[in-house]
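Good morning, and thank you for coming. I would like to walk through one protein chain, beginning with a single residue and ending with the chain as a whole.

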Amino acid sequence: VPQDRIRNFCIIAHVDHGKSTLADRLLEFTGTVDKRDMQAQLLDQMDIERERGITIKMAAVRMAYTAKDGLEYELNLIDTPGHVDFTYEVSRSLNACEGALLVVDAAQGVEAQTLANANLAMNANLEIIPVINKIDLPAADPDRVAEEIESVLAIDATEAIPCSAKEGIGIEEILEAVVQKVPPPAGDPTKPLRALVFDSHYDGYLGVVAYVRIVDGTLKAGDKVHFIATGKEFPVSEVGTFAPRMRPAELLRAGGTGYFHAAIKSVTDARVGDTITVAGREGKAVEALPGYRPAKPMVFCGLYPHDSSDFPNLREALSKMQLNDAALSFEAESSAAMGFGFRCGFLGLLHMEIVQERLEREFNLALLATAPSVIYHVYKTDGTMEVIDNPANWPTTTTIERTEEPYVDATIIVPTDYVGAVMEMGRERRGIQDRMEYPAPGRVMLYYKLPLAEIIMDFFDQLKSRTKGYASFDYELSDYSPSPLVKVDVQVNADPVDALSFIVHRDKAFPRGKMLVEKLKEILPRQMFEIKLQAAIGGKIIAAERVSALRKNVIAKCYGGDISRKRKLLEKQKEGKKRMKQFGNVEIPQEAFMSVLKLG
Ligand code: GTP
């Protein structure tokens, strides 16, 4: 089709507002996939995504649609991840589009990620088409939601499309609106190639498959492409489109989207957000598209194999995952308590959980994870600055002049009844309230500056439980701010367990140290001897507890008893041991490492 009949668009929404369901309906309606073959939520290709109900990796699908004007259009639907950890990927995919369907749940209204995504879309100058989904629900109130869209997002909602993705209502209206309202791509096919890599995946046979939006020029097999940011060059083996599976094509041209592969060995060579051009043309009037930055890990934790002989397997598994995930970083580390493992960096908590889950599930590894940490800046008396992502590397107190920690700008949307609860949490978490707005009757929008470290400490779960699930939350990194930080060491029978130590604001060191040893007292299995637990700052004990010695062992309880009951008990014990790490003669269960996080 000619360029003026191409439409590139995406769907943006708050989690669970129905983005994937709507995408499925669009694919069905345009006959891109057969209804019978329709695997629910085809765009979410990874198992874990489907299970967790969140979209992580983007996909791009080409649909052919004959509009009411009788003409055939090429509609490229670019899927976006819906979670705060992946904001950077969202903005990349938005840059590959000219329009966005903004899906809002008719019963829920505008939520924090609706706002965040709508802002990204406006910044990318996209034509935004509001869609009010789930109108089939008894609690649906499309008029109120339309008002919210206008007052909160300042988007004209008079032409918002009522829809039920579930029941297939409003689907044709949406496709017509895409054709009529989303502008066709600009771009000149006769100019030298310029294309945006907006996503990629790793294929065991093909290497990296890069998803591109062609801005100018054309791309075909045999072309040698040049990545502007990394400087790497590769001869293209194949180009094509997703329909929805990969389908080879002769040529990709200005305005269109598709994929290419070129025997690229690692996603780090084909960075998302980079611009490609043809080799030999770089520097010759070919300008990189704006906004490239490599995805940077923000949250770090130690991952240790439960069985130390699994260390090489863990290394291999991490390397394999990195092929597909340029935002994952890892480097070997050793811990006195935990043995050999890896310090791993992630975009955020969700990313961290997903990686852990995949390592365990797909690579069959039993892992122990230490509590996550952010990156601190430590300015030392000798004038140097150290970047610390691991409490184990915290410098000696006497060498520290001042410290800084990362902050985020957070938005929380909540019903009026829960404002008190949110503000209390904001105070507890060292938040600085910026301002407060009333976007719609009964709803409040709060803006906070919060330390990232407080967010990775169970913030979201706490917020949900204190607002009975009504609060929605989104955040964006802002910058580093001065903060008096100290390292709290944890000692078990007078030996420091490095993997349990944590960095905390000075004012919170005492309560958190106390809570941690109390928690550990509950969690640590009793032994035949007494266990002493202590929290200390720079050698000074701030809290202590004792786990008294065990008097009888479990089997002694059922002496002479039923043998199968005994076996069951023993097996239970064995099971309980699985996720523990022997430290000296004390076993520390996984739960202990995570308990640091639950001290909020
Ligand atoms: P993320 O991938 O997590 O961002 O979620 P999503 O926005 O893709 O939402 P998804 O399509 O997975 O839908 C979330 C839930 O809402 C699912 O249980 C859907 O079945 C349901 N749902 C989606 N559309 C409708 C609708 O029109 N009506 C009703 N009643 N339920 C819907």
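Before the first residue, one term is needed: a strand is a DSSP run of E residues, at least two in length, and strands are numbered from the N terminus. Please also keep in mind that the model before you is predicted.

Let us start with Thr241, which has its place in strand S12, residues 238-242. Is Thr241 buried or exposed? Buried means under 20% relative accessible area, and Thr241 has 6% relative accessibility, so this residue counts as buried. What surrounds Thr241, once its neighbours within four places in sequence are left aside? The residues in contact with Thr241 are Arg62, Met246, Arg247, Leu252, Thr257, Gly258 and Tyr259.

Strand S12 belongs to an open sheet of eight strands, with antiparallel pairing and the order S11-S10-S16-S7-S8-S15-S12-S13. At the edges stand strand S11 (233-235) and strand S13 (246-249); each has a single partner strand, and therefore one side of each has no neighbour in the sheet. From one strand to the next, the twist averages 40 degrees.

Within this sheet, consider S7 (residues 194-203) and S8 (residues 207-216), an antiparallel pair with nine bridges.

Next, a helix. H8 covers residues 349-362, which makes 14 residues; at 1.5 Å a residue it should span 20 Å, and this agrees with the 20 Å between its end C-alpha atoms. Among the buried residues of H8 are Leu350, Met352, Ile354 and Leu359, and also His351 and Arg358. Just after H8 comes Asn364, with a positive phi of about 60 degrees.

In soluble globular proteins, nonpolar side chains tend to be buried together. Here, the largest nonpolar core has 49 residues, and those touching the most other members are Leu318, Leu359, Trp394, Ile412, Phe459, Leu463 and Phe473. Another core, of 39 residues, lies apart from it and includes Ile128, Ile155, Ala160 and Tyr259. Tyr259 was also listed among the contacts of Thr241.

Finally, the whole chain. There are 15 helices and 33 strands, and 54% of the 600 residues count as buried. Of the contacts between residues at least 6 apart in sequence, 69% join residues at least 24 apart. The accessible surface comes to about 26300 Å², and carbon and sulfur atoms account for 50% of that.

How values were computed: Residues are numbered from 1 along each chain as its sequence is written. This is a predicted model: local features need pLDDT of at least 70, side-chain atom pairs count only at pLDDT 80 or more; totals for chains, interfaces and linings use all residues. Side-chain values use heavy atoms; hydrogens and water are left out. A nonpolar core is a set of buried Ala, Val, Leu, Ile, Met, Phe, Trp, Tyr and Cys residues joined through side-chain atoms within 4.5 Å. Buried means under 20% relative accessible area, exposed over 50%, partly exposed in between (1.4 Å probe, protein chains only). Helices (H or I, at least four residues) and strands (E, at least two) are DSSP runs, numbered from the N terminus. Contact means heavy atoms within 4.5 Å. Two strands pair if DSSP finds at least two bridges between them. Axes are lines fitted to C-alpha atoms, for helices over the stretch in contact, and angles run from 0 to 180 degrees between N-to-C directions. The expected span of a helix is 1.5 Å times one less than its number of residues. Accessible areas come from the Shrake-Rupley method with a 1.4 Å probe; for residues, only the protein chains shown count as cover.
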